[in-house]
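Please look over the model below.

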Amino acid sequence: MGLGTPDTESFSSYLQRLAQQHCLRPWQLYTYELVPLIQHEEYLLQKDTKKTSIKQIFLTNKTTSSNLSVINGLQSITPIILSAIEQLTSRQDLYSLTLVSWLKVLDSVEPLLKHSCAWCPYCYQVWREQGEVIYIPLLWLIENVKFCPQHRILLENTCPYCHQRMLNFCQPGYCSHCGEWLGQRKPPLNLATYFSSVEYLESYQRSISCLQELIAITPSLSKRPQIQDVYLYLHERCVHLDEQGLKDLSFSFWIRSHLIANPQRCNHAYRPGISLHFLSEVVRCFNITPSQLFL
């Protein structure tokens, strides 16, 4: 759903709907379909030195959260699950439902994805009334996203009836514990009241806008973006900035850019990933779009 737009469906939502269409639960989809395809890569050693079991990701009928970032995000295990599902469905575009294309650009140390499901009750209600497919967009699951960009209301992560957080795999629109409908029309919020200054609000909106475009352009990528693409662009631009241009950059951004613009001071063997905030600052300071940077 929503492929090629900022409202692209999340991979975890797609897996839930896929299992439901075949009258299965996610753990049954794993047991009967995925095991034969991934049995040789059952465990992967993660950066935190803990072993993550693919089986544990799907067996979440009794516990909440913790594995959404593995399914939808920047983990080395994500492509394995993607590849297996693409074989089963004969699709080649499911990577666009995750952030895996940005694995070599974004900082995976930063908590990029939420620990549990989040949703916009207004979107759910509108989709239900209009007879549209109800799903969970990838955007809602990203940590930086606190509000629905369309309706300007807080994204919710706790059921208003039983007050529990959703399980990893839940039927979109319904509580995974009590089964109650989660849709509801609510008035928009004055976002300025949630930020300490106009500058913080504008910075938040720039980050979300940048993130929306990253999600939208993912299917159009001719190759997986690399962090070197960003560093090279910054090097080429920063070396031509005059004194006034440097003053226009925020202090922290200028420091980072200055280091990038002086290759002799950078470790070429290791180029760290960047945060969404830093990427949005690149877009702002040089008046470009993510599409211009990566396409």
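W127 is buried, because its relative accessibility is 12% and buried means under 20% relative accessible area, with over 50% exposed and values in between partly exposed (1.4 Å probe, protein chains only). Y135, at a relative accessible area of 5%, is buried as well. W127 and Y135 form a stacked aromatic pair. Rings of Phe, Tyr and Trp (its six-membered ring) pair if their centres lie within 6.5 Å; planes under 30 degrees apart count as stacked, over 60 as edge-to-face and the rest as tilted. Ring pairs join W127 and Y135 with Y124, W140, Y174 and W181 in a cluster.

This is a predicted model, in which local features need pLDDT of at least 70 and side-chain atom pairs count only at pLDDT 80 or more, while totals for chains, interfaces and linings use all residues. Residues are numbered from 1 along each chain as its sequence is written, and side-chain values use heavy atoms, leaving out hydrogens and water.

Across the whole structure there are eight aromatic pairs. Two of them are set out here.

| Pair | Centre to centre | Angle between planes | Class |
|---|---|---|---|
| W102 and F294 | 5.0 Å | 75 degrees | edge-to-face |
| W127 and Y135 | 4.9 Å | 5 degrees | stacked |

W102 sits in the loop between α5 and α6 (121-129) and F294 in helix α12 (residues 290-294), so their pair ties together parts 192 residues apart in sequence. Helices (H or I, at least four residues) and strands (E, at least two) are DSSP runs numbered from the N terminus. W102 and F294 are both buried.

Helix α1 (residues 11-21) packs with helix α5 (residues 78-89) at an angle of about 40 degrees, and their axes are 13 Å apart. The axes are lines fitted to C-alpha atoms, for helices over the stretch in contact, and angles run from 0 to 180 degrees between N-to-C directions. α1 is therefore oblique to α5: angles under 35 degrees count as roughly parallel, over 145 as roughly antiparallel, 65 to 115 as roughly perpendicular and the rest as oblique. On the α1 side the contact (heavy atoms within 4.5 Å) is made by F11, Y14, L15 and L18, and on the α5 side by I81, L82, I85 and T89.

Nine of the 11 residues of α1 are buried, so α1 is largely enclosed by the rest of the structure. Among these buried residues are S12, S13, Q16 and R17. Just after α1, C23 has a positive phi of about 55 degrees.
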